[in-house]
Amino acid sequence: MIESWLQRWREGCIGWHEEGGNASLKKHWKARGRRVLVPMCGKTVDMLWLEEQGNSVAGVELSDIAARAFFEENRLQYTIHEGRLPAYTAHGRDITIYCGDLFAFDEPGFTGWYDRGAFVATPTEQRPAYAEHINALLAPDACRLLITLEYDDSIATGPPFSISPDEIRRYWPDLQQVDRYDDIDNGPPKFRDAGLTEMFETIWR
C-alpha cells in the first residue's frame with residue numbers, strides 16, 4: 001500500500017483530490033479552538049478551511065510530493081523541522097504536515113479528527129489497526145467527522161473502498177450518520193469509466 005500510494009503521487013494519479021475542498025466538511029464541521037488531526041491529508045485545501053475556522057491543524061501524509069505541493073500551491077512559506085517524522089510547518093498559519101507513515105505518528109491528545117480520504121483508502125484487513133491507532137491519538141472529547149463512500153463494488157473497486165454502516169459502527173459505535181447523498185459526479189474518474197452510476201458519500205459525526 002505504501003509504495004502504490006507514493007507511486008500515485010509521483011505519476012499525478014490523484015483522482016480523489018478535490019480542488020475546492022469538501023462541501024460536507026463545510027456543512028457539518030462546527031468546532032473551533034480544536035487541535036485537528038487530518039490523516040493521509042494529501043494536499044487538501046480542507047486544512048486551510050479548518051484553520052480559518054480557528055483550529056490548529058496537523059496533517060499526516062506519506063508523500064513529500066503532496067506535502068510540498070500543499071504549501072507551494074497555496075503560496076505558503078514553510079519550514080521543515082526534522083524529527084521522527086519531518087514536520088512541514090507553515091509560516092503565519094497554524095498548519096503542520098508530518099511527512100511519513102501514519103502508524104509511525106504517535107503524538108496523542110488531538111481534540112479534533114477529520115477524515116475524508118484515509119479510512120476509505122485503507123484495505124479491509126488494515127482497518128481495525130487504523131481505527132485503534134486513530135482512537136489512541138484522540139482525546140476522549142474529540143470532535144470527529146468521518147466521510148465514507150458506499151457503492152456497488154461488484155462494478156468498481158477501490159481505493160477508495162466502499163464501506164458499510166455496520167463496519168463503521170463496529171469501530172466507532174457512538175458516531176451518528178448525519179448526511180448521505182449521491183456524489184458520483186465528484187467520484188474518481190475510474191469509477192464512472194467502469195460504469196458506476198451511483199456513489200453515496202456518507203457523513204459520520
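1. Ring pairs join Trp 113, Phe 119, Tyr 130, Tyr 171 and Trp 172 into a cluster. A pair here means rings of Phe, Tyr or Trp (its six-membered ring) with centres within 6.5 Å; planes under 30 degrees apart are stacked, over 60 edge-to-face, and the rest tilted.

2. A word on the basis: this is a predicted model, where local features need pLDDT of at least 70 and side-chain atom pairs pLDDT 80 or more, while totals for chains, interfaces and linings use all residues. Residues are numbered from 1 along each chain as its sequence is written, and side-chain values use heavy atoms, leaving out hydrogens and water.

3. The search of the whole structure gives 11 aromatic pairs. One of them is Phe 70 with Phe 71, edge-to-face at 5.0 Å centre to centre and 80 degrees between the planes. Phe 70 is buried at a relative accessible area of 0%, and Phe 71 is buried at 0% too. (Buried is under 20% relative accessible area, exposed over 50%, partly exposed in between, with a 1.4 Å probe and protein chains only.)

4. Phe 119 and Tyr 171 are edge-to-face because their planes stand at 80 degrees, with ring centres 5.8 Å apart. Phe 119 sits in the loop between strand S6 (110-115) and helix H5 (127-137) and Tyr 171 in helix H6 (residues 165-171), so the pair ties together parts 52 residues apart in sequence. Helices (H or I, at least four residues) and strands (E, at least two) are DSSP runs numbered from the N terminus. Both Phe 119 and Tyr 171 are buried.

5. Do look at Arg 35, which lies over the face of Phe 110 at 3.9 Å from the ring centre. The criterion is NZ of Lys or CZ of Arg within 6 Å of the ring centre and within 35 degrees of the ring normal.
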